[in-house]
Amino acid sequence: MMTRDVYGLSASASNAEATRAFEHAVHGVAAHLPTTGVSLQAALSADPDHVPALALKGFANLILAKSELVETAAAALSSARGALARKDGGTADERILVQSLEAALAGHFGRAAEILDQGFADRPTTFLPFKLSHALRFMVGDAAGMLVASERAVAAIDSSHAAAGYLLGCHAFALEEHGRYREAMEVGQRAVTLAPDDSWGLHAVSHVHEMRGDTSAGIDWLENSRKAWSRCNNFSFHMAWHLGLLHLERGDHERVLQIYDDEVRPQQTDDFRDMANAISLLWRLEQSGLHVGDRWTDIAEIASRRRKDTALVFAVLHNLAALVAVGDWTGVADLVEALETRATGTDDQARIAAEIGVPMARVLAGLGAPADRQMLDRMVANLPKVGGSNAQRDFFVLALAKAVGNVGDTVGVSRIRSVRQRLKAEDRLFQSIQRADGLSLSA
């Protein structure tokens, strides 16, 4: 016997309580709700052999990018395999989810996303596999793959689909990452109209405002939607980060510090996303000439504890910046060495470490700017592979420009500026880096 949930996923026969709880968990994933974990556990309590819930548990732990959680993800995969065996192989949907989790657990997030996209090619609006693929591609910098998947899904939906708003929100983000800002704005606003709690859609529109340099409009958008995004899990910290960046562009440093203390870093968590928010915002404040007091202390302590964890290059590079900020050169050396070791492997993050992680780490650690123009161009081209968004990676672009400027390479800085302006409007921070290095950035 098979059941199909409201979001289109087929599962082996399960009791109604488990099905209902799992639907709540999937909605939690869509809306970034703090209750998602509770709903997922409720589904597994009602049916310990609920294969999609076990798969989601595995993915959720891997996406946290902590080496110690790999074991938890592996246990979820093992349980899902056992459940499939007890259910005579389960449904095709369940088998695809498990196969994708196997690839992700082996460190091949890109391949895991491909398995989901191909496995649900005939039903691209099935929300959970779509959202998982979107998240996996986000973590390995595959914006092109995100857009292909979202275009296919959006072409197949109508406004009555249970996940229509959330699918459109993901499409808006993929469009934004390609610089298609007018389309991203229209799609993102439609997404939020259909699903007012679609924080990813809200997020996509805030990106458009930021990248266009529409500072006042961006602040108004985030403040007017605060009721929705402030109810999120720690994604609310990231939305506040965007608000802080917009106020930084205004030059309102006191407001940025207030947002940092109250909303970006209200808790001293070690989630890599929370750490990235905090580290990149403090770095920007310091580059803007502001003393941030002892705000680096707790972040650097967490970064030091994580200095041997190379589960995600994006996280490693942010941790490195925190260690540099407090002058922990022993920690810096340990982290760079760990990343160099990771670069010798064969999985996705090993490849990313080799192609951009190690070169960027050397820049952040103050070990030198790119040696020649070819290396600089290669680093700029490879930066998207780190994962995250254009807005998040702008931290690395700025750091690279500063390093190049420090060695007097005005042509190199101009090249970075030219590439940056393809996606992001000129802003105060790049100009302040220019002034600090005494550079002329005329085109």
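In this predicted model, Tyr7 sits in the loop that links strand 1 (2–4) to strand 2 (10–12). With a relative accessibility of 9%, Tyr7 falls under the 20% limit and therefore counts as buried. Once its neighbours within four places in sequence are set aside, the contacts of Tyr7 include Glu23, Val26 and His27, and they also include Thr125, Thr126 and Phe127 as well as Ala162 and Ala163.

Turning to the whole chain, the secondary structure of the protein comprises 24 helices and two strands. The radius of gyration is 22 Å, close to the 22 Å that the globule rule gives for 443 residues, so the protein is as compact as a globular protein of that length. Among contacts between residues at least 6 apart in sequence, 65% join residues at least 24 apart, and 59% of the 443 residues of the protein count as buried.

Some overall values for the protein are collected below.

| Property of the protein | Value |
|---|---|
| Span of the C-alpha trace along the principal axes | about 70 × 45 × 40 Å |
| Accessible surface | about 17,100 Å² |
| Part of the accessible surface belonging to carbon and sulfur atoms | 50% |
| Separation of the mean positions of positive and negative charges | 2 Å |

Technical notes:
Residues are numbered from 1 along each chain as its sequence is written. This is a predicted model: local features need pLDDT of at least 70, side-chain atom pairs count only at pLDDT 80 or more; totals for chains, interfaces and linings use all residues. Side-chain values use heavy atoms; hydrogens and water are left out. Helices (H or I, at least four residues) and strands (E, at least two) are DSSP runs, numbered from the N terminus. The radius of gyration is taken over C-alpha atoms; the globule rule is 2.2 Å times the number of residues to the power 0.38. Buried means under 20% relative accessible area, exposed over 50%, partly exposed in between (1.4 Å probe, protein chains only). Contact means heavy atoms within 4.5 Å. Accessible areas come from the Shrake-Rupley method with a 1.4 Å probe; for residues, only the protein chains shown count as cover. Lys and Arg count as positive and Asp and Glu as negative; His and the chain ends are not counted. The place of a charge is taken as NZ of Lys, CZ of Arg, CG of Asp or CD of Glu.
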